[in-house]
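Subject: Structure handover

Hello,

Here is the structure for you to look over. My notes follow below it.

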Number of protein chains: 2
Amino acid sequence: MFTLSEENYLKAIYHLELGNDGGVSTNAIAEKLATKASSVTDMVKKLSEKEVVLYKKYKGVTLTILGKTVAANVVRKHRLWEVFLVEKLNFSWHEVHEVAEQLEHIKSAKLINQLDRFLGFPTHDPHGDPIPDKDGNLKIVEKSLLSTLSKNESGICIGVDDSSSEFLQFLDKKGITLGKKITILDKEDFDDSLSISIGDKKLSISNKIASNLYIRAHTGQ
Amino acid sequence: MFTLSEENYLKAIYHLELGNDGGVSTNAIAEKLATKASSVTDMVKKLSEKEVVLYKKYKGVTLTILGKTVAANVVRKHRLWEVFLVEKLNFSWHEVHEVAEQLEHIKSAKLINQLDRFLGFPTHDPHGDPIPDKDGNLKIVEKSLLSTLSKNESGICIGVDDSSSEFLQFLDKKGITLGKKITILDKEDFDDSLSISIGDKKLSISNKIASNLYIRAHTGQ
DNA sequence: ATAAATTTTTAGACAAGTCTAAAAATAATA
DNA sequence: TATTATTTTTAGACTTGTCTAAAAATTTAT
Ligand SMILES: [Mn+2]
Ligand SMILES: [Mn+2]
Ligand SMILES: [Mn+2]
Ligand SMILES: [Mn+2]
């Protein structure tokens, strides 16, 4: 069994490993968890004892198979709870993360399996992130940033890179939600801002926004 | 804000105060929480600092108004989650307590209010215990132990005193569930065992069983 | 009312998780 | 390559919540 704190470290390392290849650095973990490097070193030793990470002093850490399984299960719980909050309790997507951070640590295999069934075995959370299955596997969906599309190309909005409450509320205000079709009407060379159509509306969005929206390419039609 | 441990102490004192009148003893709290008296003394001082209990050395503790509110809210969450687990996730009543012990500490007012709504504002949990409202008030329902009924009297089974997993599973095996009408067919002087009818079945149950089942008196009919 | 038994508190210790400050190792730069 | 800057680890301390053992207060029994 793992403590709440251990689970949070494993999850942080899990997320950092997806971006990086090679070991995850002490500082990176410290930053992600808003803690100090010295605390990370202490915890990493404990996790190494428990055989969930590989650790060599001064070279970062990597998850073992076991560690990856544990971490993926925490992520699975986090995302299933987020679906629950949005689908069943009328939370909006910018309100769920904080509560899911707590719920992800509830220990009960039956709970999470029944929740999964109750929700209809969802594959993605409210932010478009994939939900790992019972074995911790998640299928990667082909996706690209909106900012990489060219004029007249279009796609379906399927996720966000930044899922901060502020960004999500901004998207709400603009009427940008997952599942909607977006077409690039024009691209401004000066600042890389975009003129897009979404639903029946036309919007102008900055490159920063476009670099935080994931799109499933929408060939033809 | 209160820690998980503080919430557990407050809840324990809350439950003990309902049985007792006058202060709750250090030992009683220690036993309920399966901890040591010395630990209780330490925590009680902290709770006293935080103004959720009144504490005089060697005289037990009592909850303040604030303390009672906090405790009742934890109980409210515990019972609402138990309803959720049984009604929505197909848990049986003997499986919910352990998970609810964890879920009761999740902090989010919106979560619990929406859960309440989602469940249709239930008034009782799966064991027949009342669910405190937002202000911590619970309405007491008139109830008596099955063991206090006389021959030919009957009532509706509305709760259990012992809600241990073992007892609940025993009741399942015998087909005794909340909401069923029970009639005393006969009472054995020798050991106070009862012959009862429940649904269309007849059963013989010991006095110990009858002393753990709550009945709403069922006058006439 | 004294003595004995019980309950409660204190004193001191420990594990988990964190922190600051300083030392050591590694990486970057001149 | 020698020096400087950055990263990482160590050493020591602190908080929370717990424990054991011993002292103090209270209750019960003689
Ligand atoms: Mn989240
Ligand atoms: Mn998410
Ligand atoms: Mn319960
Ligand atoms: Mn209950």
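A donor here is an N, O or S atom within 2.8 Å of the metal, and sites may look incomplete because water is not among the atoms. Please keep in mind that this is a predicted model.

Metal site, chain B

Glu82(B) belongs to helix 4 (residues 65–87) of chain B, while His127(B) sits in the loop between helix 6 (109–118) and strand 3 (144–145) of that chain, so the pair ties together parts that are 45 residues apart in sequence.

Glu82(B) also bridges two metals, the manganese ion (ligand 4) and the manganese ion (ligand 3), which are 3.4 Å apart. Are these side chains' residues, Glu82(B) to begin with, buried or exposed? Glu82(B) has a relative accessible area of 2%, so it is buried, the cut-off being under 20%. His127(B) is buried as well, at 3% relative accessibility.

Sheet, chain A

Chain A holds an open sheet of six strands in the order 3-8-4-5-6-7, with antiparallel pairing. Its edges are strand 3 (144–145) and strand 7 (201–205), each of which pairs on one side only. Strand 3 of chain A is joined to strand 8 (residues 213–217) of chain A by two bridges, in the antiparallel sense. In that strand 8, Tyr214(A) is the residue opposite Leu145(A).

Helix 7 (residues 165–174) of chain A lies across strand 4 (154–160), strand 7 and strand 8 of chain A, and runs at about 145 degrees to strand 4.

Regards

Methods. Residues numbered from 1 in each chain as written. Chains lettered and ligands numbered in written order. Predicted model: local features only at pLDDT ≥ 70, side-chain atom pairs only at ≥ 80, totals over all residues. Heavy atoms only, no water. Pairing = 2+ DSSP bridges. Helix = DSSP H or I, 4+ residues; strand = E, 2+ residues; numbered from the N terminus. Contact = heavy atoms within 4.5 Å. Axes fitted to C-alpha atoms, helices over the stretch in contact; angles between N-to-C directions. Donors = N, O, S within 2.8 Å, 3.2 Å for Na, K, Ca; no water. Buried < 20%, exposed > 50% of the residue type's maximum accessible area, 1.4 Å probe, protein only.
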